[in-house]
Amino acid sequence: MIRIYTFSALLISYFVYSLAVYTRGTDETAPGPLPGKPEVTLGKKIYQEKNCSSCHQLYGLGGYLGPELTTAFSDPGRGELYLRVFLQNGGPRMPKFDFTEKEINSIIRYLEYIDHSAITYRKK
Amino acid sequence: MIVSPAQLPVPDRYSTDNKSRSYLMLSLCYLLLGLLLGTLGAFQYLLPDLLKNKISFQQARPLHVYLVISWIFTAAQGGLYYYLPRVAGRELRWKQGITVQLLLQLCTSILIIVSFFDGQFGGREYFEFPPWLGLGIALSWLPLLINFFLTLRPDYKTAPVYIWSWSTGLVFFMITLSESYLWIFDYFNGNIVRDMTVQWKAMGSMVGSWNMLVYGTGMYIMERISGDKGPCRSRTGYFFYFLGLTNLMFNWGHHTYIIPAAPWVRTVSYLISMTELLILGKIIWQWKSTLKEARKNYHHIAYRLLVFADAWIFLNLVLAILISVPALNYYTHGTHITVAHAMGTTIGINTMLLMASVFFILKTENEEGMGSGRKTIHAGILISNAALAVFWGSLVASGILKISSSLNKESFSYTMTKSIPFFKLFTYSGAAITAGLLLLVFKALWLLYPEPEPLPPAD
């Protein structure tokens, strides 16, 4: 019987903990002004639909063939222009996607939004 | 005298055995395709233009990931369909359930593969296919859930550890699969911190759920080989099951140290991940007796695979504990060290345990055929494990090199150029893993194919 009680206690803890993570554990922490939401949402949608995560990582999620993009927007060696060039032309390993100007702007705004949130990451 | 089903003699054959074998064949086909696409993806690291216009890396990687994940859970499911009647001492409650599941899964897989080839994505890391196909995966699991609980009708007061483990795996797969699609709601999708944290949480626990299915299978086989029912009913057995369950529920957070979630999320994860030291301690404590047992049963192919899985559990546990230490995780995260951990777990532990299950079933079903293929099988086991050791080492080395480059603030392209020797090593050793595992896959498919003798007519 003790096993059934232990399991039930762990299961209840799991659900309570999950709720805590969904709410107080993950409140928005991005500081400063954020880019416009519709553009960010569109950028995120394109990022998923083109499966950018197969080569690039955001917060460690994604592949390793291309560079990590969490702080690419504010990185002194990369920045907006660098991102724009690759999005327009592709690269030795990156396909040329023929994005429209609007799509490129949206992806960049999405990466800017990610960059804003990366408080802990930037220390790296 | 009342005789419980468990006390009845276990018949050799059940009417659903052939369907279980078909299920195992499907799982081996997933592995076959997954290995080939994984090898292609590895070669594309060295030769970026290789098949770029036919199967780009952007397609090869999600295909490889989907197919190998499918191998893991389909082989676990096929094994369960075979073991369930034997554990329960009766036929499956819903025999047509296997066919329904097989068809649902095949249709979903075909749609997913076509969508990848067609360049239609839209999902998330590990499940990059369009999100509505996730529903197909969820539906395809239902027949097994129904069959498991209705056939076994488990009495958890006395159930052995492997029944707890299987039950947990099945239920938590459904919970975590649903959780992994929470991103479709704006509440999650609109907040990057919440979105990333919940995604890592769902995927981390989902891996735990299929580990429960696989470990349950490993424990069941071990009990059948040794004939000793003690370990799966011992206090230590249950203790480690509950430790595993706690880790499944709360030990996903070491992936999220770099996400700016609340600090207590990281603290809980760190504390839970350190409980893995107990598992490590147990392995070291039992090392001598494990070796003694291994020598005794080494001739048994399934046992040999279990021994290799044990060695990989030890290595991966050491790595997992190291990368769970925040000060180290800070540097290792986002490097190939994380990939080494994933590959060691999926190939070294999960694949070896599931192969043990496949060959255990084959030995039960077709001992004569197994005897004639022993040399091929042994060669496959040795090649795949030796190659995996090189592969694992080269990934760790490549990760260390990336850490050193990042500390020296070197550019991404320069780091990639410096990493080429390690990329070569992991590509070639990866191809050798494929070669070794293909020996096992082809042999198993060959042995699974022949129809067994039909059941004798009832008197």
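Here is a short chat about a predicted model with chains A and B.

Visitor: What should I know about numbering and confidence cut-offs before I dig in?
Guide: Residues count from 1 along each chain as its sequence is written, and chains are lettered from A, with ligands numbered from 1, in the order in which they are written.

Visitor: Which element of chain A has the lowest mean pLDDT?
Guide: Chain A averages 87, and 90% of the residues score at least 70. Helices here are DSSP runs of H or I with at least four residues, strands are runs of E with at least two, and both are numbered from the N terminus. Helix α1 (residues 2–22) of chain A has the highest mean, 94, while the lowest, 70, belongs to helix α5 (residues 119–122) of chain A.

Visitor: How many helices and strands are there in chain B?
Guide: For chain A, the order from the N terminus on is α-α-β-β-α-α-α, so to speak five helices and two strands by the DSSP runs. Chain B has 18 helices and zero strands.

Visitor: What radius of gyration does chain B have?
Guide: The C-alpha trace of chain B spans about 80 × 50 × 45 Å along its principal axes. The globule rule is 2.2 Å times the number of residues to the power 0.38, with the radius taken over C-alpha atoms. For 459 residues a compact globule would come out near 23 Å, and chain B agrees with 22 Å.

Visitor: Which residues have the most contacts inside the largest nonpolar core?
Guide: A core is a set of buried Ala, Val, Leu, Ile, Met, Phe, Trp, Tyr and Cys residues joined through C-beta atoms within 7 Å. Buried takes 20 or more other C-beta atoms within 10 Å of a residue's own, exposed takes 12 or fewer, partly exposed is in between, and C-beta atoms are placed from the backbone. The largest core has 143 residues, and those with the most contacts inside it are L305(B), L306(B), A309(B), A356(B) and F359(B).

Visitor: Which helix of chain B gives the most to the side that touches chain A?
Guide: Two residues are in contact if their backbone-placed C-beta atoms lie within 7 Å, and this contact takes 44 residues from chain B and 42 residues from chain A. On the chain B side, α2 (57–88), α7 (192–226), α8 (235–250) and α14 (336–365) each supply at least two residues. The top giver, with eight residues, is α7(B).

Conventions. Predicted model: local features only at pLDDT ≥ 70, side-chain atom pairs only at ≥ 80, totals over all residues. pLDDT = per-residue confidence, 0-100.
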